[in-house]
Amino acid sequence: MPAVTPMEIALQEARAAAERGEVPIGAVVVDGSSGEVVARAGNETRAQNDPTAHAEILAIRRAAAVLGAERLTGCDLYVTLEPCTMCAAAISFARLRRLYYGAEDPKGGGVVYGARFFSQPTCHHKPEVYGGIGEVAAAEILRGFFAARR
């Protein structure tokens with residue numbers, strides 16, 4: 001039986017977030033050398049009444065707690081949607097090695113669209129960025145979620 005990929009786990013987190021009524025975004029922090037999942041999360045902004053409780057932020061916080069370190073050098077982040085500027089800043093501050101994301105976000109993204117945080121001269125750490133990983137599935141989850149609310 002094939003192993004579950006980190007992006008598949010992130011997609012599971014996105015689906016679980018949708019079931020809770022949260023915007024369906026999931027994130028997973030993986031140890032880059034072992035491939036072991038360190039932390040995972042889906043959006044919890046509504047559940048926590050916290051506009052910063054994005055999947056990426058929660059996964060980063062949980063990974064930092066598990067590893068007992070504020071910097072996650074050597075770790076990679078998988079997320080189902082291009083991170084917003086707030087999350088891009090957190091990724092940079094955490095010193096994550098690589099960012100893998102699914103769907104692009106022309107309206108709210110902060111990596112390829114919008115502020116393009118990693119391209120700013122004030123950005124001290126830029127991870128390697130790989131987009132389009134699991135893009136079709138991630139986009140379908142988001143479209144379905146918002147279509148059901150219109």
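I began at Glu22 and found its side chain reaching the backbone nitrogen of Thr45 at 3.2 Å. I am working on a predicted model.

I then looked for another backbone partner of this side chain. The backbone nitrogen of Arg46 lies 3.0 Å from a polar atom of the Glu22 side chain. I placed Glu22 in the loop between α1 (6–19) and β1 (26–31).

Next I checked charge pairing. Is Glu22 buried or exposed? I noted it as buried, yet without a salt bridge. The nearest side chain of opposite charge is Arg20, 5.1 Å away.

I moved on to the largest pocket. Its volume came out at about 420 Å³. I counted 19 lining residues. Which of them lie nearest the centre? I listed Ile25, Leu81, Asp105, Leu142 and Phe146. By class, I logged the lining as 10 nonpolar, two polar and seven charged residues. I also asked which element gives the largest share of the lining. That is helix α5 (residues 135–147), with four residues.

Last, I looked up Gly134. I found this residue in the loop between β5 (128–130) and α5. I then took a C-alpha distance from Gly134 to Met7. The two C-alpha atoms are separated by 6.6 Å, while the residues are 127 apart along the chain.

Methods: Residues numbered from 1 in each chain as written. Predicted model: local features only at pLDDT ≥ 70, side-chain atom pairs only at ≥ 80, totals over all residues. Heavy atoms only, no water. 1 Å grid on protein atoms, 1.4 Å probe; cavity = no way out; pocket = protein on both sides within 12 Å on 5 of 7 lines; lining within 4 Å. Points joined across faces, edges and corners; volume = space filled by probe spheres on them. Helix = DSSP H or I, 4+ residues; strand = E, 2+ residues; numbered from the N terminus. Nonpolar A, V, L, I, M, F, W, Y, C, P; charged D, E, K, R; others polar. Buried < 20%, exposed > 50% of the residue type's maximum accessible area, 1.4 Å probe, protein only. Lys, Arg positive; Asp, Glu negative; His and termini not counted. Salt bridge = Lys/Arg side-chain N within 4 Å of Asp/Glu carboxyl O. Polar contact = N/O pair within 3.5 Å; in protein donor to acceptor, adjacent residues only side chain to side chain.
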